[in-house]
Amino acid sequence: MIIGYKRDVDGVLRAAIALKQNPGATMVCGADARELKQKLAMYHGEIVLNVSEIVKDVPFHIKAELWVKFPDCGRMGPSVSLGSYLTYSLLNCKCAPDELVRMLARYYPKLTAVLAHKDATAKKYFSYFRETMCELQRIKAHVRFRPSGDMLYVEISPDNDIKDVFMEWAARRNSDRRVIVKCRKEYYLLNARSIGYNKDTVGISEEEAKRMLGSIPEADSEIWDTFYDSQSIDSRRNKKYAKSRLPAKYSHISPEIRKERKKVEHGIQKDKLDLF
Amino acid sequence: MGEKYFSLTDRIRILSEGTKYDSCNQTTTCHTFTPDGRCIQLYKTLMTNRCSGECLYCPNRCGREVTRTSLTPEEIARITWDLYRRNAIEGLFLSSGIVGDPEKTTQKQLDVLRLLRSQGFKGYIHTRLMPGVPRDLLREVSLYANKFGVNAETTCESRYDEICPNFSYRSDILDRMKWTHEFVLKRRKEVNYGEGIVGANDTQFVVGASGESDGEIIHTIDKFKADYGLRRPYFMSFDPVPDTPLSSNGPSPVWREVRLYQISYLLKDYGLKANDLDPVLDDKGFLSDEDPKVLLAQRNKDLFPVDVNEASFEELLMVPGIGPTTAHRILKGRPIEDYVQLANIGVVLKRARPFIKVKNKMQSRLEAFAP
């Protein structure tokens, strides 16, 4: 039997229940309904089912516990719920949904026991969850929007598939501005309803993005640089500590952070060319 | 100094430098860090460094030769929005010199707050109010600011009169702290959870300006917490400024500021009272440059070692290396089998080991070998 499911929390949970009922089934995962349909269409002469035909709904006891936060016993770990564990694990680039489904099927019906990470797979997916969540937090803190007229422009290049979560946050933070997000080679327009689109977030072409922005805005901000430089106390300079707070490996997130990392390493140059 | 034209960038630099010693971290997200390792989350600025006050330690005191300038409420709102939209800050920290009288200055501060909130600014706003701020204006500030309060600067009336001759400690500071507390409580009753801004009371001490001991500061914080619902005290080490009456005094060591912050967390998060901390002070009432929690544990040897599987939450909190979060984790994770499990929970074993026992195993002490 071939069972198809979507790569989201609901799809994975249903797939785990379906696998528990049909242990010999082959699981097929699709990123969305269209991709799933295409993949399932490739199987001929076998019983091919969508998971929603086998499991009509996720049982109530699982839904009720899905977003309950359990205290994490790991060092520096945040409280974690099964819902966030699955959401962020699925967004990780190394995640294999079939492996996750098989693990959940083993734990069913006591799915929250996954959070105790007693076995290697559960531990592995917990590290994926943390990795993805930390990357999202880092991007949220260090990315800088560049104003261009009444629009904002931002570039991100996350390792994991967190662009949707990031864009949701960016649209909420700047709800009164249209925001163009460049994620690798793709461009997205946030808060797009204000100019006649039927969705809040739409994908746009590079040409359209450039037409809207005029030209890609500069990363430099004189106001910010002045304020940043004014806040440092030279007599209390603590290079080692400051470097640990702003690690070099994350300074690729934005040109502004790269510049601040340089100031942490080399100090703030007081003598400017203008003075001569 | 004569009137001189300053560009916006010059004024931002001059006025932000006036607030760089203020620690006003919101402790949520840190957007970036300065070369001294402190995080930046808020746009910190003075509205103006013109001041009619004659505080003895202050670089902006009346009569001192210094470049004077100011920012208009519209300019502050514009800069705040610009930095907020860039995602460089989470909010605004607004302080000021006293222009004319406290009422006029607070009115100007309120103009900034009103303007930002009316434009839909949802970020965090922390406001330092002037001594002698009128009650009605204080009430209005409580509608807009997430944290606000007047600076106590020191511990008692006589010391305050010495360093801030223009103001009265009792009426300009303590009464205002009392009103702040009243308005915070009133606002808590008015606003449902998550539906509006409920501020908190804060204050700042200039450590070492008037020769007060750490013991006095600790007891004052404890009193303010009980009487005025003080959420968090801030500390600024005294640094002598040239051309001020205190320029010949020595600077207060920076570690003193750090130790006082540690003490303030012991009072705030660990449920300790000022009297409990007396053992960590020397004969003159000063702290030493050591972790006060470790010192406290060393001075109360008879309370240790505690059995991690039987100790209460309060007993666990007294162990160095165990904070409120890890104490909760220990209670939930019992029975604790070994040190490895404790390390995984987040206990700092290097500090905690001499003060705990796990399954009747404990670190050997030199005293055990004594005849």
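## Backbone geometry, chain interface and local packing

K359(B) is found in the loop between β10 and β11 of chain B. In this predicted model, K359(B) has a positive phi of about 50 degrees although it is not a glycine. Its relative accessible area is 42%, so K359(B) counts as partly exposed.

Strand β10 (residues 356–358) of chain B pairs with β11(B) in the antiparallel sense over 2 bridges. Within this pairing, K357(B) stands opposite M362(B) in β11(B).

**Backbone exceptions**

Most residues other than glycine have a negative phi, and most peptide bonds are trans.

| Site | Backbone feature | Location |
|---|---|---|
| N87(B) | positive phi of about 70 degrees | loop between α2 and β4 (91–95) of chain B |
| K359(B) | positive phi of about 50 degrees | loop between β10 and β11 of chain B |
| Y108(A) to P109(A) | cis peptide bond, omega about 10 degrees | P109(A) in the loop between α6 (97–107) and α7 (120–142) of chain A |
| F304(B) to P305(B) | cis peptide bond, omega near 0 degrees | P305(B) in the loop between α9 and β9 of chain B |

N87(B) is buried, with a relative accessible area of 0%, whereas K359(B) is partly exposed.

**Helix α9 of chain B**

The loop that holds P305(B) runs between α9 and β9 of chain B. Because 6 of the 8 residues of helix α9 (residues 292–299) of chain B are buried, this helix is largely enclosed by the rest of the structure. The buried residues are P292(B), K293(B), V294(B), L295(B), L296(B) and A297(B). They pack against α8, α10 (313–317) and α13 (349–352) of chain B. At the start of α9(B), a side-chain oxygen of D291(B) reaches to within 3.0 Å of the backbone nitrogen of K293(B).

**Interface between chains A and B**

Contact between the chains involves 41 residues of chain B and 46 residues of chain A. The area buried between them is about 3900 Å², and carbon and sulfur atoms give 55% of it. In chain B, the residues that lose the most area to chain A are P35(B), R85(B) and R86(B), which together account for 22% of what that side buries.

Between the two chains there are 20 residue pairs in polar contact, counting pairs with both residues at pLDDT 80 or more. Several elements give two or more residues to the side of chain B that touches chain A, among them α1 (8–17), α2 (73–85) and α8 (254–269) of chain B. The largest share, 6 residues, comes from α1(B).

In one salt bridge, the side chains of E257(B) and R236(A) meet at 3.5 Å, N to O.

On the side of chain A, S232(A) is found in the loop between α10 (222–231) and α11 (239–245) of that chain. Which residues does S232(A) touch, not counting residues up to four places away in sequence? They are I268(A), K20(B), T34(B), P35(B) and D36(B). S232(A) has a relative accessible area of 7%, so it is classed as buried.

Conventions: Residues numbered from 1 in each chain as written. Chains lettered and ligands numbered in written order. Heavy atoms only, no water. Contact = heavy atoms within 4.5 Å. Buried area = accessible area lost by both parts, 1.4 Å probe. Salt bridge = Lys/Arg side-chain N within 4 Å of Asp/Glu carboxyl O. Polar contact = N/O pair within 3.5 Å; in protein donor to acceptor, adjacent residues only side chain to side chain. Helix = DSSP H or I, 4+ residues; strand = E, 2+ residues; numbered from the N terminus. Buried < 20%, exposed > 50% of the residue type's maximum accessible area, 1.4 Å probe, protein only. Pairing = 2+ DSSP bridges.
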